[in-house]
Amino acid sequence: MSRDVAILWLKPFIARPIALAGLCILLATVLAAVFAPWLSPFDPYAIDPVTRLTPPNTIHWFGTDQFGRDTLSRVIHSARMALLIGSGVVVFALATGVPVGVLSALFPRLGHVLMRMVDVLMAFPALLLALGLIVILGPSVANAILAIGVGYMTTTTRIVYGLTLRLRAETYVEASRSMGAGTIWLISKHILPNLVSPLLVQASFVFAFAQLGAASLDFLGLGAPPEIPSWGNMLAESRTFITRAPWLLFFPGMMIVATAFSLNLVGDALRDRLDPRFRQVFGEKG
Amino acid sequence: MSSDDILAVRDLKVSFTARRAGRKYRVQAVDGVSLSLAEGEVLGIVGESGCGKTTLGRAIVGLVQPDGGNIAFKDDDAIAAGGAALRAMRLNVRMVFQDPYASLNPRRTIGDSVAEAGDINGIFRDRTDRSAMIASTLTAVGLDPSFATRYPYELSGGQRQRAGIARAILPTPSVVVADEPVSALDVSVQAQVLNLMMDLREQLRLSMLFISHDLGVIGQISSRVAVMYMGRIVERGATRTVLDHPLHPYTRALIAAIPKPDPSKRILGAIEASEPPSLFKRPAGCAYAARCPLASDRCLVDIPQLRSAGADDRALACHNV
Amino acid sequence: MLSVRDLTVSLGPETAPVDIVAGVSFDVAKGEILGLVGESGCGKSMTSLAVMGLLPQPGPRVRAGRVVLDGSDVTQLQPWQRVEAGHGRMAMIFQEPMTSLNPVRRIGDQIAEAVRVHDQVSGAPALARARELLELVRMPDPAMQLSAYPHQLSGGQRQRVMIAIALACRPQVLIADEPTTALDVTIQIQILGLLRELCGRLDMAILFITHDMGVIAQLADRVAVMYAGRIVETAGVDAVFGSPRHHYTRGLMDCMPVRNAGAHRLPTVSGQPPAPGTIRAGCVFAPRCAAAREECRATDPPRIAVSQGHQVLCAFPLNGGGPA
């Protein structure tokens, strides 16, 4: 059974090589973050004035920055910040969006109030909302997660709300109600299990957009403290050297694009997996 | 309510607010229905789409709130009593749904679905008790106990409907409200499921409210029948009497329209188009007047009430019969 | 008019095809209604789509056999190519009329569009023809309904509109796939009456697909009973109902509740139809057949002509006589 399930989840990736490439990039990023100290050829904080602003060569594959720090090591260590912000935003968006969405759908009066508040938040562009929150809360990693997370909480809430409204009308939920099931029973046995797959897709997109949001905040100096290596910080520091040392922008920039793109590819593949027409092709109706 | 009645519905009214073209309409889905169900009896409710038969069934199992009338179960007005009485009724009056594909949660095993009422109401002593009850219930509906660990998508339509029936009889209720339980099934499977329901009724001494649009199925399984049209019962009586000697013009039209599997009795010719009025624009008098060959002026203004029309609980709502 | 020979529709790879329709043959003449009856999954809808040239792409394909319309082989032609090549005309109506109509366009415009495509006229003449078509399908108050939207019509009226659109191309063959299954019986009988009337008036051949033996008895001139992708019995309607020769046909009729009023138990056909791909050698019905013998499971059954126009795919057919 579990092997069959694993095959079903892997099929959309095998069927589409580009999605498989996305999955590989994503896995590489995760591995880079986990094994950063072992993978990095140099200490990302080690300053060496002699080798400052060397272009990529056989010793420093990605070159060095204005303090002589090894770019490759800093790019690898930055993956940690990227994953921290990404998972932080996903956890925040799900932890707030799921309860608000589910309860709004099950209790229409409460839903009227909550969903209007969500509408108000949605009226702000996500980055503007994040900037405003950071200005109020002060820059830090935790506040960056919060600020970006609020923007994706709204979209998550909307999705959960819509899905729960549909699930609430399913015959099996009615059957459960007719046998005396309470709200907690309905949520835990019928609604949440059916939300898992669509939320997995949503999480992958939120993770991708969180990368872009975090990079933007870092670039503006409102995200992670400047001494911590992150792709956004690296871009911000190196922008004055754009003509002398273009590699300083190229490598972190490429990493931002690659992670966001790969997450989108993975999200697309997961969504196809959940598409009913796709499921018919692979012989599962449930 | 007479002493051997297990369920009595008095003057039940259910309405919905529907929005159409930007305006709000009040749709009276069930408009003053009274019926009683004796112990061990199968009462058929027959009518076409939109006649309120499904809403009636849903009101009886508590899925919709009536806005008038009462539902009494074994001399208790359970809806009004609430609390423990209502919970007891929930376990005692259960529903079998029409669509075997939509009525089982695709993410739960058949066993979990079948045991759901027991789990909600905490009736199992322990896990062994629970598995034993699931196994015996699955056997009772003609499924192998190994189905308990399977998922709905692994089952055929007929097997799913058997699982849906199993869910409605664990723990054993007194009344089963079956809403079109066989209309989504193929004829050969339909017969198997109908036989199963008749067997279970006997073995478990169930009383059944059997809702269907299909007079053939109703004639097969029910001893009494009530014909509904636009939210009201227009005719009621022993099934054989009603089917063989229909009184109400609507019942007659309904019986005449069944495609009989006998080419020598073809009734096809050019038939004038005639359809029920919209639920949003209910006529003032008899809802059937516009389609009725017997309609008189009185029918257009005065709603005919259900009145007694002979032995065996025969009743009729028509001015002109 | 329409003649189908050994039509085989398959799913899956070329090397290991799974036949969902296996060697189906039938003819429909002008002014005749052929009822194709079978349970869900028996391949009756796939047959109709293959005949129409409307098999979903990608997916099932015609692996073998011919569809001959008015003397020309149209098997591999798309519907529009058939019209362009002047090979006679086919139209189709479906079970759910609401999904076939555009919800935001007026009925009149939708019928007129079909008229425009086939008659090369537009504007007032097309609308006039649309009104004519609505009268033809006995739509109450046709002039008014031209400006109605689909949601303002009832299910029966929408099916009349679909029939009107189908008739816009003046079809020689009309394929009706369960057109009354979603309708109430009192409406169904009206639509069946309409099809019977149109068949005679327009001298069309109608292929009527249904799961309901009652509908078949009321409407069809001849009947083809389908099981697991094969036609197991073909005969005139009186012969099929009077003396069915295939065990499956007999079983189908016996388990209809309407024939057993008051009986304590319904006779049943035990088990369920085989899934495509699981079919082995021998008769497809043998696992469910009470009269099956050893050779039924081992060898494919012969197609026997039991009388003029009455064929049965069975080695040991019933010997006639009415059903119990």
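Visitor: What makes two residues count as in contact here?

Guide: In this predicted model, two residues are in contact if their C-beta atoms, placed from the backbone, lie within 7 Å. Two pairs of chains are in contact, and of these chains B and C share the most contacts.

Visitor: What is said of chain A and chain C, and how far apart are their nearest C-alpha atoms?

Guide: Chain A and chain C do not touch, and 9 Å separates their nearest C-alpha atoms.

Visitor: Which residues make up the contact of chain A with chain B, and how many does each chain give?

Guide: Chain A gives 19 residues and chain B gives 25 residues. On the side of chain A, the elements giving two or more residues are α8 (171-178) and α9 (183-219). The largest share, seven residues, comes from α8(A). By class, that side of chain A has six nonpolar, seven polar and six charged residues.

Visitor: Why are β5 and β10 of chain B said to stand at the edges?

Guide: The open sheet has eight strands in the order β5-β6-β7-β3-β8-β9-β11-β10 (chain B), with mixed pairing. β5 (93-96) and β10 (307-308) of chain B each have a single partner strand, so one side of each is left without a neighbour in the sheet.

Visitor: What makes β6 and β7 of chain B a pair?

Guide: Pairing requires at least two bridges; β6 (residues 175-179) and β7 (residues 207-212) of chain B have five, in the parallel sense, and therefore count as a pair. The bridge partner of D179(B) in β7(B) is I211(B).

Visitor: Which helix packs on this sheet?

Guide: Helix α1 (residues 53-60) of chain B does, touching β3 (42-46), β5, β6, β7 and β8 (224-229) of chain B. The direction of α1 makes about 150° with that of β7(B).

Methods: Residues numbered from 1 in each chain as written. Chains lettered and ligands numbered in written order. Predicted model: local features only at pLDDT ≥ 70, side-chain atom pairs only at ≥ 80, totals over all residues. Helix = DSSP H or I, 4+ residues; strand = E, 2+ residues; numbered from the N terminus. Nonpolar A, V, L, I, M, F, W, Y, C, P; charged D, E, K, R; others polar. Axes fitted to C-alpha atoms, helices over the stretch in contact; angles between N-to-C directions.
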